[in-house]
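Q: I should like to learn how to read the features of a protein model. Where may we begin?

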Amino acid sequence: METNGESATVDESLETIGAAESAETTTSRRRFVAGTALSGLAALGLSPNETTAQSDVPYHEEYRTVVNVAEAGADTTGQKSITPVLESLRANNTLLYFPPGRYAMDSQFRFTGFERFGVVGNDATLVPADYHDFDGPRYRLFRLGTHVNPGGHLRFEGFTVDQTAPDTGIRAIEAWASDRLEVRDVHVRGQHDSGTWGPGLFNVVDPDGTGLVENFRAPGGAAWIQNTPNAGNNWRGPIGIEANHTEGTLTFRRCMLGAFPSNGLYATDGEGQIIVDGGLYRNSNPVSLRVGGTNSRVLWPTVEIDETRPPDGSQRGIQVDHGTVHIEGAAIRNSSPLPNSHAIAVLNSSDGVRIEDTTIEIRGDRVNHGIVVSPQAGASTIVDTEISHDTAGGYPLWIRETEVTDPVRCRNLTVTGESGDAAGFRDGIHCRRDDCEFDDCDVEQLGRDGVRRNALVNAGDDCSVYAGTYRASEYPFVELGTNTIYARTDAESYRDRAAIHLYEESSDVTLVLNRLANGIRNDGSDRLVTARNTYRND
């Protein structure tokens, strides 16, 4: 988490005071701030809505006051910090408009408790000071709302953040809104190599509130903390985008994040709904796309892991932390796998996940897994999904051992690839949960370099395998459970092994209407029932 050390700052003291204020006091303070800003405009010879032609400013009709910050005195050459000018203009129901130019900032601009506020750029570039020259806490450029004193309706859009200079990187915007949050078209250029907080934090704190973060891009990622001037003052380094306290609905649309040391998009812990709509997420440690919440949705993103830095210990594609999440249309490609870098990890705290129309490709010389369902995770469904797995070893689908009775259901799952058996991980599907279902799946496990892999190993009770094709270099089916039913499947071993190997741990297995090439190997399974199977190997 990127919250260490802030409790001692002046900002947090102001938050505490703000939380204790009565409604009347808060209203009075807002009036005071607004009055101060209007007095500042008057001193500059400017009047509200007269600083620039309103028709030239986007969204001008939504605000009582529109201010062109350049006309108000902000330097547009990037040589002088504009924060003092912004402080003089801060007011409720105000839009700050940035015309084309470069705008230097060497300290934070803070505004909380507003009802409506906007910051809009037109070909505008923010130039943060480097780590050594930033004045005050090195946390943010814009702090708009706080957890205890959020804004109502906030708009922020149309900026490039130039952090290409050495030792430069700062949180461009931290935004807390209750009613409506709109952030669009923010492009962070360069690698964040100062070691301070990552470029964005966004939260919608009211259950009825909505938010949109669209086209927020930080493809350069961030350096690990030990390689920055802030070494020793944070853990790992920056998060790309953090959104861990959302209670409403917050959408991330077409965002792009590069390699961050402490997660790419980290949107979990809150009880609201997170929606990820498209976008590209790459190479972050430990997870590129980390989501939780209530009825959250991850729709058609691309997740790529093709580069691993020496400190990286895990580069998971998507991780479902808590609540219920629906993943649809994801494309996950990992060509630089590390152990524990699952394509999709469903954690114990998850109440359930649905994975649909998703493609997973994992290739490399290390052990890694595809989809991993943790022991305490809730009911999971995997539908119309393809996993191509070519690693030194691993399970394309691993349903881990548990006493939890919530089932995992797979329908039209395709598993292919030529993997090894390193660390003993040699199965296409490895199931150790009761009540699981595999319906019309297609699993092929050839094995690389002559390795003997199995298609499906089941150790759960009361499971069913219906229809589908299972091919393997060793056994198509290995059964260790109780009361499993196999019906209408087509199973064959490329080594002329039996189609199914039943161990003595299993019992009450039913085989009906299957094609089981080369028959059945039974090493002590009790009460086996067979009916109308065929055993041809042609």
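A: Cys-255 is buried, at a relative accessible area of 1%; buried means under 20% relative accessible area, exposed over 50%, and partly exposed in between (1.4 Å probe, protein chains only). This is a predicted model, in which local features need pLDDT of at least 70 and side-chain atom pairs count only at pLDDT 80 or more, whereas totals for chains, interfaces and linings use all residues. Residues are numbered from 1 along each chain as its sequence is written, and side-chain values use heavy atoms, with hydrogens and water left out.

Q: How many disulfides does a search of the whole structure find?

A: A disulfide is a covalent bond between the sulfur atoms of two cysteines. The criterion is a pair of cysteine sulfur atoms within 2.5 Å. Searching the whole structure gives zero disulfides. Cys-436, for instance, is in none, and its nearest cysteine sulfur, that of Cys-431, is 3.8 Å away. Cys-436 counts as buried, with 0% relative accessibility.

Q: What is the mean pLDDT of the protein, and over which residues does pLDDT stay under 50?

A: Where pLDDT is low, the predicted coordinates should not be read in detail. The term denotes the predictor's confidence in each residue, from 0 to 100. Here the mean is 91, and 90% of the residues reach 70 or more. Over residues 1–51, however, pLDDT stays under 50. For that stretch the model has 69 contacts beyond four places in sequence, a contact being heavy atoms within 4.5 Å.

Q: How many salt bridges are found, and which residue pairs with Arg-155?

A: Side chains of opposite charge can pair when their charged atoms come close. A salt bridge is counted when a side-chain nitrogen of Lys or Arg lies within 4 Å of a carboxyl oxygen of Asp or Glu. The whole structure has 35 of them. In one, Arg-155 pairs with Glu-62, and their closest N and O atoms are 3.1 Å apart. This pair links distant parts of the chain, 93 residues apart: Arg-155 is in strand β8 (residues 151–162), and Glu-62 is in the loop between α2 (23–43) and β1 (65–68). Such helices (H or I, at least four residues) and strands (E, at least two) are DSSP runs, numbered from the N terminus. Arg-155 is buried at 1% relative accessible area, while Glu-62 is partly exposed at 26%.

Q: Which residue forms a salt bridge with Asp-162, and which residues are linked in a network?

A: Asp-162 pairs with Arg-102, the closest N and O atoms again lying 3.1 Å apart. Asp-162 belongs to strand β8 and Arg-102 to strand β4 (residues 101–105), so the pair ties together parts 60 residues apart in sequence. Asp-162 is buried, at 10%, and Arg-102 is partly exposed, at 34%. A network of salt bridges links several residues, among them Glu-62, Arg-116, Arg-155 and Glu-157.

Q: Which residues touch the most other members of the largest nonpolar core?

A: In soluble globular proteins, nonpolar side chains tend to be buried together. A nonpolar core is a set of buried Ala, Val, Leu, Ile, Met, Phe, Trp, Tyr and Cys residues joined through side-chain atoms within 4.5 Å. The largest has 105 residues, of which Phe-98, Phe-142, Phe-202, Phe-252 and Phe-438 touch the most other members. Strand β9 (residues 171–189) supplies the largest share of this core, eight residues. A second, separate core of six residues includes Val-57, Tyr-63, Val-66 and Tyr-97.
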